Each structure stands twice: as C-alpha cells, then as structure tokens.
Amino acid sequence: AALQALKRKKRYEKQLAQIDGTLSTIEFQREALENANTNTEVLKNMGFAAKAMKAAHDNMDIDKVDELMQDIAEQQELADEISTAISKPVGFGEEFDEVSLKFASVYILESFQLEETFKITVNLMPPSP
C-alpha cells in the first residue's frame with residue numbers, strides 16, 4: 001500500500017507540474033492577447049490622429065504659414081514703433097545728455113543765488129528820497 005501511495009504521489013506531482021505548465025502557458029497567451037489588443041487600439045487611434053492632422057493641414061501650405069509669420073512679425077515691429085513714438089515726450093522733456101543737464105542745473109542755481117544776492121543788496125541800500 002505504501003508503494004502504491006508513493007507511485008500515486010509521483011503521478012500527482014507530474015500532473016501538478018503539467019497543469020502548472022499549462023496554466024503558465026495560458027497566462028502568457030492571455031497577456032500576449034491583451035498586449036495585441038492594446039497595440040491594435042493604439043494603432044487605430046494613431047491612424048485617427050494622423051487623419052485628423054492631415055485634414056487640419058490640408059488647407060495649410062508651409063509658404064503661406066511662413067508668409068503669415070512674417071506679416072505678424074512686421075505688424076509687431078510696427079506696433080512697437082508706434083508705442084515708442086507715442087510714449088516719447090513732445091517739446092520739453094526731450095532727451096538731454098548728462099553734461100547739458102548738469103550745465104542747465106548749475107545755470108539755474110547760479111541764477112537763483114544771484115537773484116537772492118541782488119534782493120539782499122537792494123534791501124540794504126537806503127531808501128531813495
């Protein structure tokens with residue numbers, strides 16, 4: 001009876017190994033099918049995307065796009081020039097170099113000092129008869 005049980009155990013172990021191998025094979029096949037389905041869906045969606053892009057680009061020509069971009073750049077330059085022209089002060093407040101500004105400020109300061117000195121001198125003089 002023990003010998004029979006040992007033989008049965010060996011047979012069961014062999015069957016278990018076969019079943020385990022079969023399950024592994026089935027599992028690999030299932031994963032391969034899932035990957036194939038995923039690849040099929042990805043490829044189909046890529047085809048839809050390619051058709052949509054082609055339809056979107058049908059009315060576009062690279063020369064037209066380049067021309068449009070040049071027009072936009074020219075209009076932007078024009079807008080910058082207009083903005084610069086509008087923001088410049090008119091008349092006074094024009095740009096001066098630092099030497100001119102320094103000279104003007106010294107001249108104004110000396111004029112004020114001279115005026116103050118003249119007022120003091122005039123006030124110190126005796127009143128005229």
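A patch takes residues with over 30% relative accessible area and no salt bridge, joining like charges within 9 Å and nonpolar side chains (Val, Leu, Ile, Met, Phe, Trp, Tyr) within 5 Å.

## A nonpolar patch

Which residues form the nonpolar patch on the surface? They are M60, I62, V65, L68, M69 and I72, with about 600 Å² of accessible area together. Areas like this come from the Shrake-Rupley method with a 1.4 Å probe, and for residues only the protein chains shown count as cover.

V65 is one of that group, and you'll find V65 in helix α2, residues 62–87. With 33% relative accessibility, V65 counts as partly exposed.

## Three salt bridges

How many salt bridges does the structure hold? The count is 3, where a salt bridge means a side-chain nitrogen of Lys or Arg within 4 Å of a carboxyl oxygen of Asp or Glu. The general idea is simple: side chains of opposite charge can pair when their charged atoms come close.

Start with K9 and E13, whose closest N and O atoms are 3.9 Å apart. These two are 4 residues apart in helix α1 (residues 2–57), so about one helical turn separates them. K9 is partly exposed at 48% relative accessible area, and E13 is partly exposed too, at 42%.

Next come E34 and R30, joined by a salt bridge of 2.8 Å, N to O. Both lie in helix α1, 4 residues apart, about one turn of the helix. E34 has 42% relative accessibility and R30 has a relative accessible area of 43%, so E34 and R30 are partly exposed. The last pair is K44 with E41, at 3.3 Å between the closest N and O atoms. They also sit in helix α1, 3 residues apart, again about one turn. K44 is partly exposed at 41%, and E41 is partly exposed at 40%.

## The whole chain

Zooming out, the protein chain has 3 helices and 0 strands, running α-α-α from the N terminus on. Helices (H or I, at least four residues) and strands (E, at least two) are DSSP runs, numbered from the N terminus. Of the 129 residues, 0% count as buried. The chain exposes about 12600 Å², and carbon and sulfur atoms supply 63% of that.

## How to read the numbers

Residues are numbered from 1 along each chain as its sequence is written, and side-chain values use heavy atoms, with hydrogens and water left out. Since the model is predicted, local features need pLDDT of at least 70 and side-chain atom pairs count only at pLDDT 80 or more, while totals for chains, interfaces and linings use all residues.

Definitions and conventions
Buried means under 20% relative accessible area, exposed over 50%, partly exposed in between (1.4 Å probe, protein chains only).
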